Structures are given as structure tokens and as C-alpha cells.
Amino acid sequence: MSTHIEAKKGEIAETVLLPGDPMRAKWIAETFFENPVCYNDVRGMLGYTGSYKGKRVSVQGTGMGIPSALIYCHELINDYGVKNLIRVGSTGSYQKEVKLRDIVIAMAASSTSGINNSRFINCDYSPTANFELFMDAVLYAKANNIPIKAGNVLSADEFYEDDFDSYKKWAEFGVLCVEMETAGLYTIAAKFNIKALSILTVSDSLVTQERTSADERESTFSTMIEIALSTL
């Protein structure tokens, strides 16, 4: 048992999917896992372990933003021996060609967060995906004719920004979309020498102003879950 996760040793698999929304964690477990068992509901942040095609796997909600996600990532790695962390989340498109419900696999994560400023003073650290997980996901998508986009994403600290058009500068430099956790995930994975990948589904577009509903974001992003589970 850790500070924020009440699971006993051995109750969490070595591979954990990480949705921000705990209700999405519940939906993933009930939809994709065989014999899912809830190991955590501390603070309502649900976690489950089950199996998928005979392989043991867990899913853990992390909340929104890098500070919240890092709490769960740190405890999963250090208290439960997790080796693979795969974020499955929603994202907002910064590019015209990145459309609603497209799948984006984050090769790297820029950030407006100050999470690494105290570690790398006057320098820029570049959080990047694990190559093996990245290639597993890409090859599965290709083999199953699932269109994907891959590239740089932005992990932002603010959901509601004062300057709505500030995204255009990031877009100009090729950033595909915005979310709130990947830079933190890739950094902590590098620190503790484990594997991490972020697979995202476009829930809205800052370019076209299109958006999905809250219900759709909770339960209809099945393709990215399929890709994530393929890494098992």
C-alpha cells in the first residue's frame, strides 16, 4: 500500500494504462479486461487489474495535469514495480490535418510546465517516448490499417488560457496537439529507467472549434485502447 494507492503488493501488473479520468479507467477495465478487480478507490481515483488475451494488465486513473499524474506514476514505479506506463488520453488538435477522433502517438512532449526547471537550470530537457513501445504501437496500427499521427505534443499547465490564439505559435513549429500529462510521464519514466508511451485521441480542435461530448471522451475512444493493449 502506498500513500495514494491502496493496492497490496502484487495486485498491480507490470504494464499499466493511464487515463486521466477515473471513470474512463472503469470503462476500460469493464470493456477490455477479463475478470477485472478494483484495487484502488482512494480519492475516487479508480484502479483495476485484469487480463487481456491472457496477459496481465492494469489501468489507473491519474487525474488532470502533471502534478497529479506524477503522484500516481511515482507510486506505481517505486511501490509496485511497474515497468511500462502507457497514457491513454484525450487531446486538442493544433493542426488542420489532425482531426476529431484521430489517434496521435507522442514521440516527444514540449511543455509550459516548470516541472524540469529545477532539475535542468538554464537548459531544456526533451521528454521522449520509449522507442520499443512506440514502434510496437506504430507497427500494430499499420498492420491493422489504423491511421495515426505521430510527433511532438504540448503538455500544458493551463486548460483555460488568457490568450486563446497562443496555440498558433506551437502549431507553427509543428506541435500536433495539446494535453496535460505526457511531458511529466516521459520525464519520470526516464528518471527511473522504465518504459512510457502516450497514445491520444483528438477530442476537440482549436483550429475548427469542433469537439466531442464528455460521454464520448469517457467511453468511445476504443481504438487507442486497442493500440495500447497491443504492446502487451
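Leaving out residues up to four places away in sequence, which residues does T15 touch? In this predicted model, the list runs to V57, S58, N84, I86 and L232. T15 itself sits in strand 1, which spans residues 15–18. Its relative accessible area comes out at 10%, and since anything under 20% counts as buried, T15 is therefore a buried residue.

Next comes the nonpolar interior. Nonpolar side chains tend to be buried together in soluble globular proteins. Here, the largest nonpolar core takes in 62 residues. Those with the most contacts inside this core are I12, L17, I28, L85, L197, I199 and I225. As for who supplies it, helix 2 gives the most, with seven residues. L85 is worth a look of its own: setting aside neighbours within four places in sequence, L85 is in contact with V16, L18, C73, L76, I77, L185, I194, K195, A196 and L197.

On to the helix pairs. Two packed helices are described by the angle between their axes and the distance between the axes. For helix 2 (residues 66–80) and helix 5 (residues 182–191), the angle is about 30° and the axes lie 9 Å apart. Angles under 35 degrees count as roughly parallel, so helix 2 and helix 5 are roughly parallel to each other. The crossing of helix 2 past helix 5 is right-handed. On the helix 2 side, the contact is built from I66, L70, C73, H74 and I77, and these meet A183, G184, L185 and I188 of helix 5. Sorted by class, this contact holds seven nonpolar residues and two polar ones, with no charged residues. C73 and I77 turn up here on the helix 2 side, and both are also on the contact list of L85. L185, from helix 5, is on that list too.

The other pair is helix 3 (residues 131–143) with helix 7 (residues 222–230), packed at about 120° with axes 8 Å apart. That angle makes helix 3 oblique to helix 7. Helix 3 also passes helix 7 in a right-handed crossing. From helix 3, the residues involved are D136, A137, Y140 and A141, which meet E226, I227 and S230 in helix 7. By class, the contact between helix 3 and helix 7 comes to four nonpolar, one polar and two charged residues.

How values were computed. Residues numbered from 1 in each chain as written. Predicted model: local features only at pLDDT ≥ 70, side-chain atom pairs only at ≥ 80, totals over all residues. Heavy atoms only, no water. Axes fitted to C-alpha atoms, helices over the stretch in contact; angles between N-to-C directions. Helix = DSSP H or I, 4+ residues; strand = E, 2+ residues; numbered from the N terminus. Parallel < 35°, antiparallel > 145°, perpendicular 65-115°, else oblique. Left-handed = near helix turned anticlockwise from the far one by under 90°. Contact = heavy atoms within 4.5 Å. Nonpolar A, V, L, I, M, F, W, Y, C, P; charged D, E, K, R; others polar. Core = buried A, V, L, I, M, F, W, Y, C linked by side-chain atoms within 4.5 Å. Buried < 20%, exposed > 50% of the residue type's maximum accessible area, 1.4 Å probe, protein only.
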